[in-house]
Amino acid sequence: MIQNPVADVRKEIEGNHKIVNDFCITISTVNGSGSATANLTLLRTLFRMGIPVSGKNIFPSNIQGLPTWYTIRLNKDGFLARLEQDDIVVAMNPASFAREENYVVPGGVLFYDEDFAHPITRSDIHTYSMPVKKIVKESEAPAGIRDYLANMVYVGVLSHILGIDLDKIRQTIEYHFKGKKSASDTNFAIVQKAAEWAAANLVKTDPYQVQPMPELSDYIMTDGNSAAALGAVYGGVQFTAWYPITPATSLSESLMEYLPELRKDPETGKNTFVIVQAEDELAAIGMTAGAGWAGLRSMTSTSGPGLSLMEEYMSLAYFAEMPLVVWDVQRVGPSTGLPTRTAQPDLTQAYFLGHGDTQFVLLFPGSVNECFEFGWRALDIAERLQGPVVVLSDLDLGMNTWMTKKFEYPSQPIDRGKVLWEDDLKKLLEKRDGNWGRYLDIDGDGIAYRTLPGNKLPGSGYFGRGTGHDEYGHYTEEPDVWERVFMRIAKKYETIKKYLPAPVIRHEPGNRKAIIACGSTDMAVEEALHLFEEKGKSFDYLRLRALPLTQEVADFIEEHDEIYVVEINRDGQLKQLLTINLPREATKFVQVSHMDGLPLSARWIMAEIEKHEEMDK
Amino acid sequence: MSEHTVSAGSRQQVNLAGLSRADYRAAPSTLCQGCGHNSISNQIIAACFELNIVPENIVKFSGIGCSSKSPTYFLGRSFGFNGLHGRMPSLALGAHFGDITLKSIGLSGDGDTASIGLGQFKHLIRRNLPMVYIVENNGVYGLTKGQFSATAELGLVLKKQGTNPYLPVDIAMEALIGRATFVARSFAGDPKQVKELIKAALSHNGIAVLDIISPCVTFHNKENTMHSYGWGKDHEAPLHEVSFVPPRDEITIEDFEEGDVRDVILHDGSQIVLKKLHKEYDPTSRWEAMHMLEEANRNNWLMTGLIYVDPDVPSMVDMQNLVETPLNRLPASQLRPSCESLDIMNESMR
């Protein structure tokens, strides 16, 4: 069954050249053909063998019929960023076959369905053809689901060729189908048949192998949207309103899964939360803001176009001081853009949301684990601040399945901020001769004390509004009152800095060059730093985790002469924000950004930086 | 019957909640003298006073426009929020879940509800949130000085705008088609009816839409135009005489002549008593209601009263199966699951 054996490739094998636990597999299927089960089975099985692994779904904005790719990267050293290298390609889509044949690296491997009519043109790769239809047919699976099972064939063939433990595959399939025995049996039967067929018919010629490693017992596998939802559940989220939009939908759907599981009252079985699918993002943010105002831990999730629609309410929430959290799972914009591709194009949008002078707390989770952490932390910050918090995740982080550190239980108690119930207000009024106002800065930190609807103490009520108001919530157009109240709000954003996640800094004394990045590019930056180190070059690194900008970030920037700002957008938005905040440092920043819908790779970052360094000489 | 309830309140200094009328008042109105909205504010005050509702148990909401300014002119002790143009429904919905024991009153106008707000209005209705939703309907934009609103009638002539070429949105009809569970139409010039309808709406377990024609004396009060006092007075044709009877009051047969009366029992045991005037009208038939509105429209009648009611449809709150403690009073211990549960979640993701 070996096609086109090539002399020099053969030599590699004879020379016992092996590539173990360090390569990429790209699987090409037709969208909607049920390949997710097969791909996730492979991914999770490799993880369960102790091999650090990441999977990325490159899919079209379409339900069924267009090509879709899934890439799995195995890396024994734990680097999980995208690697633009197709070592092994599994071609299950005749429409894109010719393209994929060209993708394979010299010496790489191509698995393909034997029914494809295309001739193989490459002679520098290993090829294995698979009798997909035949294997599925012989499995006695019900005719109606055969098409969906076809993808399990490559799971079986790959298992044999790469050395993946079939027993582990079976366990993973059982996990996937959550104990539905007939489904897992049907799927595993195909895998087993395919592996048996491969054992009997294929001779391994390629150098790629997987080998078990020590168990990754501190890690789990999940996606950022599930992690964010679960984090919010542990952060006490009580209200969420949302409107479906790729790639944020699964965040809210995860809340719909986790909240009933974890947050029913154990005694009565009744709900401590409310979930509303709104009619649009205008309503989703209105509901979220209303709930936040009324004292509920409140959040919504969306993507760029939805955030645009939420802008006016965000401006109101800023000025009327309503706590709420918005998760923006970013995708390629402007406009509808590439709805199923990843980017970081909403940084300036989120920063400048709203007409008038506004300010927002932005959080940038850099890993799936951090999505969980920011899930609960964002709710604490919003209530402490009494204002909106935007968490900027992205499609790569949110929708792809990642190996990540186990979630840690929140390290601090829930922070409800400054809320006065009847007794609290009574005491405060006694202490202050009756002088309390919703917008009165009693502590001098810019954050006033709020009361909530339901407070029965006469005098606790106030009228919230987006119009000019004094410290007691009364309408006013007085110039000095407006300015006083408005300046007090600005002060809050100084106070809140100490509640924000600090930047993650890697600093070596004497190093004058650095990289700054935020969010999901972290993996690629870390790997680029490693590659640079191998070449004897060293950069400091600051991963920004929140805005407004803190002194720590300003100090880091001051200490360096040249700073590469790495991000996934066209215009260098993070660089723009740093420049605006620190105009005197502007000339230090070098834009390292691009946006083509795919996650950044370490090699691209390194090449860009090297290009610039070359020019500097 | 309602006379009886009113007198109980007005003759005493304080009501059964121990509060005087002053406890229900708020800042003086900054709307024009004679504005229909002020009259409606006064009826909200009267209704709440007479029903002995503690102001802290009501939350007021509004959007943007003249109507939306009015919540600061009644129930000054209540919490309230003045949201965005046409998007008060979403804000009110979220806020309502803070404490579902409170009653929500939304104040909107025709500009706020029938243009940008039409979507949120209809979705609020679809969800049957327990809330009194009052539209102070005057057919014109007041705050921006006299443009046509979406409820302005075809052919209406306004000073700077010329002639309105479009058909109006009928808010009561929209509510009916949207399957609102309580739809009423009234006229600010008929304060007694307005008050009784507000009382009934406050007891309804679901969305209660009150489309109240509330003339704008400054920009749109020409004789013989819809939404004017003159036209309302000449064309108002009440469907029935509405009286509201709170749950604790007993109704005696002598109060009403037999055969003339229809009563609707609401969720909390209160009753709406409808006394027949000219002809039979059944407010529990949506079909009859739509037919009546269409007939009124063709004949240029201002039909007022309780157009439609179905007291038994579950509200959005009923569907949520919530704990008894108001959500905004839940302690942190009920908001964060245990550490052990996270171990289980972690294990499930391996």
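Helix α9(A) passes helix α10(A) in a right-handed crossing, where right-handed means that the near helix is turned clockwise from the far one by less than a right angle, and left-handed that it is turned anticlockwise. This is a predicted model, in which local features need pLDDT of at least 70 and side-chain atom pairs count only at pLDDT 80 or more, while totals for chains, interfaces and linings use all residues. Residues are numbered from 1 along each chain as its sequence is written, chains are lettered from A and ligands numbered from 1 in the order in which they are written, and side-chain values use heavy atoms, with hydrogens and water left out.

**Helix pair α9 and α10 in chain A**

- The axes of α9 (residues 224-234) and α10(A) come within 8 Å and cross at roughly 40°; axes are lines fitted to C-alpha atoms, for helices over the stretch in contact, and angles run from 0 to 180 degrees between N-to-C directions.
- That angle makes α9(A) oblique to α10(A), because angles under 35 degrees count as roughly parallel, over 145 as roughly antiparallel, 65 to 115 as roughly perpendicular and the rest as oblique.
- Helices (H or I, at least four residues) and strands (E, at least two) are DSSP runs, numbered from the N terminus.
- Residues of α9(A) including L230(A), V233(A) and Y234(A) meet residues of α10(A), among them L255(A), Y258(A) and L262(A); contact means heavy atoms within 4.5 Å.
- The residues of this contact of α9(A) with α10(A) divide into eleven nonpolar, four polar and no charged; Ala, Val, Leu, Ile, Met, Phe, Trp, Tyr, Cys and Pro count as nonpolar, Asp, Glu, Lys and Arg as charged, and the others, Gly among them, as polar.

- Helix α11 (residues 281-293) of chain A packs against helix α4 (residues 88-96) of chain B at an angle of about 40°, and their axes are 6 Å apart.
- α11(A) is therefore oblique to α4(B), and the crossing is right-handed.
- On the side of α11(A) the contact includes G286(A), M287(A) and G290(A), and on the side of α4(B) it includes L91(B) and G94(B).

**Helix pair within chain B**

- In chain B, the axes of α2 (residues 36-50) and α8 (residues 191-203) come within 9 Å and cross at roughly 55°.
- This makes α2(B) oblique to α8(B), and α2(B) passes α8(B) in a right-handed crossing.
- Among the residues in contact are I40(B), I44(B) and E50(B) of α2(B) and V194(B), K195(B) and K199(B) of α8(B).
- The contact of α2(B) with α8(B) has nine nonpolar, one polar and three charged residues.

**Backbone features of chain A**

- A cis peptide bond, with omega near 5°, runs from T246(A) to P247(A), and P247(A) is placed in the loop between β11 (239-242) and α10 (249-262).
- The peptide bond from G333(A) to P334(A) is also cis, with omega near 10°; P334(A) is in the loop between β14 (324-330) and α14 (347-352).
- E321(A), a residue other than glycine, has a positive phi near 60° and lies in the loop between α13 (311-320) and β14.
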